[in-house]
Amino acid sequence: MAGSITIENVRVRRGSFTLALNELSIRPREIFSILGTTGSGKTVLMESIAGAFPLNEGRILLDGKDVSSLPIQQRHLGILYQDYALFPHLTVAENIAYGLRHNGLSADAAHSRVADIMERFGISHLADRHPGIISGGESQRTALARALVLEPSILLLDEPFSALDPSTKLRMYDLMREVHAQYDCTIVFVTHDFNEARTLADRIGIILNGRMRVVCTPDDLFTQTDPDIRRFLGIKP
C-alpha cells in the first residue's frame, strides 16, 4: 500500500558509528516520529530510508519494493532538511520548481503546479524573492512546498521545527497536520523533543546509540520500564 516503509536487518556504518535495525515497519499514511539524543542515529536512519547512505547489510522496502540499491532521486520521496537546504541563487518559485525539471512535466504544467502549491501554502507573494530575505517560517513553507510539489507518498522531515521560535513552531505544527490531511501521505519526522513527538505522531520510535529500543504510542511514551529510555526521557528511577 502506498506510503509503507519496511526495514529489515539493516546495518549502516559511518566511521566508528553503526546504525543497526533488525526490523521496523511504518504504516501507510502514518505520522511516525524518530526520537533520540544528538548522535543517536536519527538522521542516519532517515537518510538511509531516503537513499543518501548505502546499506552495508539488509534492505529497505518502500510500498513493498526493495529500493536498497536505488539512488535518492528514484525513490519518489519528499525530504525536508533541518536547514531547509534552499538554493540561495534561486527565487522561491525556482526553488519549488527545481525537482520538476527532471520529472518529465512540460513547462506549462510545472508552472501551473508551482503556482497552485504556492497559493496553497500562502507564499505566492514570495515567488520572486530569494531565500536570504524571507523569514524562517516562510523558508520552511517554501521547503515543504518543494518537497510536496512532486506529490510523494512519503515525506521525510529532519528536525523541521528546531530552529523556529515558539509561536512559529505552533503554526508549523498546524501546517504539518494540514499537509498530512491534504496530501494523504506518510510522514516520518526526526526530533529530540519528546513533547513534539507526543503532540504530532501516531507512533514513536526511540533510537539510542544506533539501536531502535522501542516503538510505542504517544500515550505509552512515559510508561517505559527500560532504564536507558527512562533516563533519556528524564524520568527518575
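Me: Which residues do ring pairs link into a cluster?

Reply: Before the answer, please note that this is a predicted model, in which local features need pLDDT of at least 70 and side-chain atom pairs count only at pLDDT 80 or more, while totals for chains, interfaces and linings use all residues. Residues are numbered from 1 along each chain as its sequence is written, and side-chain values use heavy atoms, with hydrogens and water left out. Rings of Phe, Tyr and Trp (its six-membered ring) pair if their centres lie within 6.5 Å, and planes under 30 degrees apart count as stacked, over 60 as edge-to-face and the rest as tilted. Here the cluster joined by ring pairs consists of Phe194, Phe222 and Phe232.

Me: How many aromatic pairs does a search of the whole structure find?

Reply: The search finds four aromatic pairs. One of them is formed by Phe194 and Phe222, edge-to-face, at 6.2 Å centre to centre and with 80° between the planes. Phe194 belongs to helix H6 (residues 194–200), whereas Phe222 sits in the loop between strand E10 (211–216) and helix H7 (227–233), 28 residues apart; helices (H or I, at least four residues) and strands (E, at least two) are DSSP runs numbered from the N terminus.

Me: Is Phe194 buried or exposed, or something in between?

Reply: Buried means under 20% relative accessible area, exposed over 50%, and partly exposed in between (1.4 Å probe, protein chains only). Phe194, at 23%, is partly exposed, and Phe222, at 31%, is also partly exposed.

Me: Which elements give two or more residues to the lining of the largest cavity?

Reply: Rolling a probe the size of a water molecule over the atoms shows where empty space is left. On a 1 Å grid over the protein atoms alone, a cavity is a set of points where a 1.4 Å probe fits but cannot get out, and lining residues have an atom within 4 Å of a point. Grid points are joined across faces, edges and corners, and a volume is the space filled by probe spheres set on the points. The structure holds one cavity of 30 Å³ or more, and the largest cavity has a volume of about 60 Å³. The elements you ask about are helix H4 (136–148), strand E7 (154–158) and helix H5 (166–183), with H5 giving the largest share, three residues. Among the lining residues are Leu80, Gln140, Phe161 and Met172, and Phe161 is buried, with a relative accessible area of 3%.

Technical notes
On a 1 Å grid over the protein atoms alone, a cavity is a set of points where a 1.4 Å probe fits but cannot get out, and a pocket is an open set with protein on both sides within 12 Å along at least five of seven lines; lining residues have an atom within 4 Å of a point.
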